[in-house]
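Here is a friendly briefing to read alongside the model. Please keep the structure open as you go through the topics below.

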Amino acid sequence: MALKSSSADGKTRSSVQIFIVFSLCCFFYILGAWQRSGFGKGDSIALEMTNSGADCNIVPSLNFETHHAGESSLVGASEAAKVKAFEPCDGRYTDYTPCQDQRRAMTFPRDSMIYRERHCAPENEKLHCLIPAPKGYVTPFSWPKSRDYVPYANAPYKALTVEKAIQNWIQYEGDVFRFPGGGTQFPQGADKYIDQLASVIPMENGTVRTALDTGCGVASWGAYLWSRNVRAMSFAPRDSHEAQVQFALERGVPAVIGVLGTIKLPYPTRAFDMAHCSRCLIPWGANDGMYLMEVDRVLRPGGYWILSGPPINWKVNYKAWQRPKEDLQEEQRKIEEAAKLLCWEKKYEHGEIAIWQKRVNDEACRSRQDDPRANFCKTDDTDDVWYKKMEACITPYPETSSSDEVAGGELQAFPDRLNAVPPRISSGSISGVTVDAYEDDNRQWKKHVKAYKRINSLLDTGRYRNIMDMNAGFGGFAAALESQKLWVMNVVPTIAEKNRLGVVYERGLIGIYHDWCEAFSTYPRTYDLIHANHLFSLYKNKCNADDILLEMDRILRPEGAVIIRDDVDTLIKVKRIIAGMRWDAKLVDHEDGPLVPEKVLIAVKQYWVTNSTSTH
């Protein structure tokens, strides 16, 4: 049959060429699978095709740039007939946090902040829809501008601008919020406040790298520590101060919704180089010092605890604080008593700031061994914390052989500690994990990340600021990406075969425990890029893959990216599910070629915002 034009002729030839390449690719891929016994001719041709850039998927290239192009259709008509389509949730769910839902929270006791803890919806109450972005949503400013400015449309809540107006937390200026860096305890700005702390705590030489900020507000302390190469894990409850943690994450600062209540913090023992409370309203002396004992558990030997605000210097400030001086005096007495029992040494007290340092081992704390008030925790696994009740007990130090040895092992200053062998590995405390295995894992992740950058050239440009690794292992992905332009929330699933989160912290990275059968403790749209390594294989037969993917969609920003690494059969199932979500996806080969059964699924969440249509 004659062709109508030379243009049509070119298109036809192009189509034929694509079909031939596709057929050859898939033929040699199947042929390679047949030849399990060795590397045959079919394998070599398939490898050559891969190296030449042929793509068996014949999927258009994904666009990782931001466009804010308005609403997009869910899927094409032909696709819609094949897949389950997930509809948008009602517009009232734009800021839905499933495990900190306000209405559910109010049904729990208010004692010890129980109602502010995690209370997830039962299976029959889970939303199976896509959380919409608010109208006018835009991609946040790049760091460092994002530290100081957040688009109003992304978190349209002005309550803090009124309530904290005199404390210089946040100001509303037209279509943006501005964060001047002020705080209740640092009216001259966070930098000046940190300078005062740094006169006591070695923040400039890499000795202090990880920090915990309890009751963080809008996380200005963590934001201003960034320039000193200190990474703070900030948390605050979802409470009447609307959007504190949401503002922190919009600014590009690590933060989660959380509270010191009755449940242990979701961090490993000996994780942080320093911990901080600035007017965080935690009753530190209550419950026999239980909250201070929990801080002691997560504080590294030799680490620092900072308390600024009431009751420090109560004699001068009790009138300004409008509290009875007898109450403040008793509060400070209890704190000092608990700190002494924990064997912390007070290093500094000036104005409204006090700093204690934890001893490096138990040798310096022999006196407490005979103290009848000293109740030591009996558990064999001090990192078993997920939904475990907090106890008024002291976490024992790891054993040492000399009075100057750092319990648990001494860490190098950052950045050297990033790739040094962590003490938990060198000591053999993680069963079955050798130094060689750890170093091989590092090499593998450097190679994987190099391949990711070929797929998505924007990966280390600053386009992605808030990144999550859903199954972090030793933190190899985060270590390979380490940059001042970004941070990675390293999540270690509670069902992981080995608990590696302590290693993550020993590398100078930050992370958290979590069970992905439940929602994560964050607001919607708080991560720019999500990485999931063999997560769906791990959770196979544990919970529904639909729920995990919907949670990923909830916490991913519009036009954010996803990288899922897993075996090909698992990824095909995942790809089928996300065909019903507003994601563009592409399956690509492992960087070592098409014969490797492990593949990579990359996706970009489309830009769309809420409308008046209600589906749930």
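A disulfide here is a pair of cysteine sulfur atoms within 2.5 Å. By that rule, the chain has 6 disulfides. This is a predicted model, in which local features need pLDDT of at least 70 and side-chain atom pairs count only at pLDDT 80 or more, while totals for chains, interfaces and linings use all residues. Residues are numbered from 1 along each chain as its sequence is written, and side-chain values use heavy atoms, with hydrogens and water left out.

**The chain as a whole**

- The secondary structure comes to 20 helices and 17 strands; helices (H or I, at least four residues) and strands (E, at least two) are DSSP runs, numbered from the N terminus.
- Of the 616 residues in the chain, 55% are buried, where buried means under 20% relative accessible area, exposed over 50% and partly exposed in between (1.4 Å probe, protein chains only).
- Contact means heavy atoms within 4.5 Å. Among contacts between residues at least 6 apart in sequence, 70% join residues at least 24 apart.

**Disulfide pattern**

- Counting bonded cysteines along the chain, the disulfides follow the pattern 1-4, 2-3, 5-6, 7-8, 9-10, 11-12.

**Cysteine 99 and cysteine 120**

- The sulfur atoms of cysteine 99 and cysteine 120 lie 2.0 Å apart and form a disulfide.
- This disulfide is right-handed because the torsion about the S-S bond of cysteine 99 and cysteine 120 is about 105 degrees.
- The pair links distant parts of the chain, 21 residues apart: cysteine 99 sits in the loop between α3 (77-80) and α4 (102-105), and cysteine 120 in the loop between α4 and α5 (145-148).
- Cysteine 99 counts as buried, at 1% relative accessibility, whereas cysteine 120 counts as partly exposed, at 24%.

**Cysteine 343 and cysteine 365**

- Cysteine 343 is joined to cysteine 365 by a disulfide, S to S 2.4 Å.
- The link of cysteine 343 and cysteine 365 is left-handed, with -100 degrees about the S-S bond.
- Distant parts of the chain, 22 residues apart, are linked here: cysteine 343 is in the loop between α12 (325-341) and β9 (344-350), and cysteine 365 is in the loop between β10 (353-358) and α13 (416-419).
- Cysteine 343 and cysteine 365 are both buried.

**Cysteine 377 and cysteine 393**

- A disulfide joins cysteine 377 to cysteine 393, with S to S 2.0 Å.
- The torsion about the S-S bond of cysteine 377 and cysteine 393 is about 95 degrees, so this disulfide is right-handed.
- Cysteine 377 and cysteine 393 each lie in the loop between β10 and α13, so the pair ties together parts that are 16 residues apart in sequence.
- Cysteine 377 is buried at 13% relative accessibility, and cysteine 393 is buried with a relative accessible area of 6%.

**Packing of α11 and α12**

- Helix α11 (residues 314-321) packs with α12 at an angle of about 130 degrees, their axes 9 Å apart; axes are lines fitted to C-alpha atoms, for helices over the stretch in contact, and angles run from 0 to 180 degrees between N-to-C directions.
- α11 and α12 are therefore oblique to each other, given that angles under 35 degrees count as roughly parallel, over 145 as roughly antiparallel, 65 to 115 as roughly perpendicular and the rest as oblique.
- On the α11 side, Trp314, Tyr318 and Trp321 meet Lys325, Leu328, Gln329 and Gln332 in α12.
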